[in-house]
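Take a look at the model below.

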Amino acid sequence: MNPASLDPVPGDPRIAVLASGTGTNLQALLDDPFAGSRVALVVSDRSRAVALERARGRDVPAVFLDPAEFRGRERYGDALLALLHEHAIDVVVMAGFMRILSAEVVRAFDGRMLNVHPSLLPAFPGAHAVADALVWGAKVTGVTVHLVDEEVDHGPIVFQEALEILPGDDWDSLEARVHQVEHRLLPRALRALVEGRIRVEGRRVEVLADEAARGASR
Ligand code: GRF
């Protein structure tokens, strides 16, 4: 991760969303006034990912990149990188993409790639964060949106928001509240990134207020 402030993405940035599943976070981005028109590609590693249908429903190119066609993470990464370049992608969002990216992909989008994770990292990394928090008996969990680095669920944290785990919660009820928070934080983080309002110093991230907020406080 390059230190200091990330430059705004010049021009009208083209955003790719990587998603393996239902794609409610993709939907939140498609519905967002800022991000919606800039989503230029959706890639999934699952042929039946609902995310692909959501993209096609908005006439956004949707590509199933079949892991079975590539031997190993590096080769899959090469194919993904070629696809991202082919579509002139500037910024990548991992929105429930259940595959570890190759180092080359991560390096190519250093400071230009976000991931959304359903826990307060570094608690409960991995693919089952909501269930893991419930099983652990945690009283609080939440959502993390972070820049992607070469370690899984690890990069500098852009936004985090806590959620109380209630006595009667099960996976469905907790996941629903997690999703609500994700759908709010991810578009905000993406916009801040694109507008160059994210400052990174080591692991610490400062998100500068947008023009409207600055104007209001003057
Ligand atoms: C989200 O909870 C995200 O944090 C996790 O996978 C889930 C994807 O949900 N990485 P959806 O496909 O966006 O509905």
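**Around the ligand**

An oxygen atom of the ligand sits 3.5 Å from a polar backbone atom of Pro-118. This is a predicted model. Two further polar approaches to ligand oxygen can be traced. A backbone N or O atom of Thr-22 lies 3.4 Å from an oxygen atom of the ligand. From His-179, a polar side-chain atom comes to 3.2 Å from a ligand oxygen.

Now widen the view. Thr-22, Pro-118 and His-179 are among the residues that surround the ligand. The surroundings also include Gly-21, Gly-23, Thr-24 and Asn-25.

What does the side chain of Thr-24 join through a polar contact of 3.3 Å? The partner is the side chain of His-179. His-179 also places a polar side-chain atom 3.2 Å from a ligand oxygen. Setting aside neighbours within four places in sequence, Thr-24 is in contact with Arg-54, His-179 and His-183. Ala-192 is 168 residues away from Thr-24 along the chain, and their C-alpha atoms are 20 Å apart.

Follow Thr-24 into its helix. H1 spans residues 24–31, and H2 spans residues 50–57. Their axes come within 9 Å and cross at roughly 20°. An angle under 35 degrees counts as roughly parallel, so H1 is roughly parallel to H2. The crossing is right-handed. On the H1 side, Thr-24, Leu-26, Gln-27 and Leu-30 make the contact. On the H2 side, Ala-51, Arg-54 and Ala-55 meet them. The residues of this contact divide into four nonpolar, two polar and one charged.

H5 covers residues 129–136, and H6 covers residues 171–194. Their axes lie 10 Å apart, and the packing angle is about 125°. That angle makes H5 oblique to H6. The crossing of H5 and H6 is right-handed. Which residues of H6 do Val-130, Ala-131 and Leu-134 in H5 meet? They meet Trp-171, Leu-174, Glu-175 and Val-178. Here the residues of the contact divide into six nonpolar, no polar and one charged.

Note on methods:
Residues are numbered from 1 along each chain as its sequence is written. This is a predicted model: local features need pLDDT of at least 70, side-chain atom pairs count only at pLDDT 80 or more; totals for chains, interfaces and linings use all residues. Side-chain values use heavy atoms; hydrogens and water are left out. Axes are lines fitted to C-alpha atoms, for helices over the stretch in contact, and angles run from 0 to 180 degrees between N-to-C directions. Helices (H or I, at least four residues) and strands (E, at least two) are DSSP runs, numbered from the N terminus. Angles under 35 degrees count as roughly parallel, over 145 as roughly antiparallel, 65 to 115 as roughly perpendicular and the rest as oblique. A crossing is left-handed if the near helix is turned anticlockwise from the far one by less than a right angle, and right-handed if clockwise. Contact means heavy atoms within 4.5 Å. Ala, Val, Leu, Ile, Met, Phe, Trp, Tyr, Cys and Pro count as nonpolar, Asp, Glu, Lys and Arg as charged, and the others, Gly among them, as polar. A residue is near a molecule or strand if one of its heavy atoms lies within 4 Å of it. A polar contact is a pair of N or O atoms within 3.5 Å; within protein, one must be able to donate a hydrogen and the other to accept it, and residues adjacent in sequence count only if both atoms are side-chain atoms.
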